[in-house]
Amino acid sequence: ARRRGIPILLEGVGVGPFRREFSRRVARLIFRMADFVRVRSRSSLSSPLLTGLRPVLAPDPAFDYLETRRMADRTTERERSSMEEVLGRESDLLRIGLNLRPLWWIYSADPRADCRKTEQDFLASLAEGMKKFHLLRGGSVRYVFFPMNAATYGQSDLKAAFKLERALGGAVDFHVWEIEPGVDALLSLIRRLDAVVSERMHGSVFALSQNRPVIGIDYTIGGAGKVRDLFEDVSRGEWVLPIRNFSPDSFCNLLSGVLEARGLPCKTPSNSR
């Protein structure tokens, strides 16, 4: 593009994390060649790779696009029927949505980190936290796992879903939405959830765009990642838990807190079952 004199516009990008010096140099070169750079977080805006340039800050472009989908009228019949199946029809259920991703070594800022063990420890702690919250609510909770990326380079979110299902061991009401949903189907599901727990940044973006109480899981090992950046930029930094040092109590307490902030106090129902 530069050789042909075509303008280069970098729109809504995040900077890093980069594990290698070569990657940082290439990124810096691309930024310097660009005629316009818009970044999606204050953290990216202050990156040394943008020193001497004039980047602009704006929210992730997904927020603008999701504003156009208020009607969500492109949901298919298959999506609607499968959605009803995982959500259930019981009126007294508190529905908590979850979106997790497989933990990939490339997202670790700590080269010594054991990503496999970190993921195992996290899923075990999350499962215990979900059980604690289940008991707190007297069993009237349904957890619904929804995939943001159902099939991506072998890193399907459903892979994480079934690992969590095994960790739960049938102790709670847990349903996996085994589908590759479109944007409107995702929005339709999220609008019917009482809260969302998301490890993917765009899972959090979708939930925030629909004004849902949402807990972000920062999966970057050895530093703050784009999930924390997102929540900091929308003044919800206290709603993020790091994947390292994740504890069942911190999860249960935060979930109770975000629900209470939205007028859904977590008192054990009198008709607990």
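Which residue stands opposite Ala195 in strand 7? Ile96 does.

First, the ground rules. This is a predicted model, so local features need pLDDT of at least 70, side-chain atom pairs count only at pLDDT 80 or more, and totals for chains, interfaces and linings use all residues. Residues are numbered from 1 along each chain as its sequence is written, and side-chain values use heavy atoms, with hydrogens and water left out. Helices (H or I, at least four residues) and strands (E, at least two) are DSSP runs, numbered from the N terminus. Two strands count as paired if DSSP finds at least two bridges between them.

Now back to strand 7, residues 195–198. Ala195 and Val197 point one way from this strand, Val196 and Ser198 point the other way, and all are buried. Buried means under 20% relative accessible area, exposed means over 50%, and partly exposed is in between (1.4 Å probe, protein chains only). On one pairing, four bridges join strand 4, residues 94–99, to strand 7, and the two run parallel. Strand 7 is also joined to strand 8 by three bridges, again parallel.

Gly182 is in the loop between strand 6 and helix 7 (183–190). With a relative accessible area of 27%, Gly182 is partly exposed. Its C-alpha atom is separated by 8.2 Å from that of Arg74, 108 residues apart along the chain.

There is a second open sheet, of three strands in the order 1-2-3, with parallel pairing. Strand 1 (9–13) and strand 3 (56–57) stand at its edges with a single partner strand each, so one side of each has no neighbour in the sheet. Strands 1 and 2 pair in the parallel sense over three bridges, and Val13 has Val39 as its bridge partner in strand 2.

Next, some backbone details. Gly16 and Pro17 are joined by a cis peptide bond, with omega about 5 degrees. Pro17 lies in the loop between strand 1 and helix 1. Ala72 has a positive phi, near 45 degrees, in a residue other than glycine. Ala72 sits in the loop between helix 3 (61–67) and helix 4 (77–87).

Buried or exposed: which is Ala72? Ala72 is buried, because its relative accessible area is 9%. Asn245 also has a positive phi, near 65 degrees, and is in the loop between strand 9 and helix 10 (248–261). At 75% relative accessibility, Asn245 counts as exposed.
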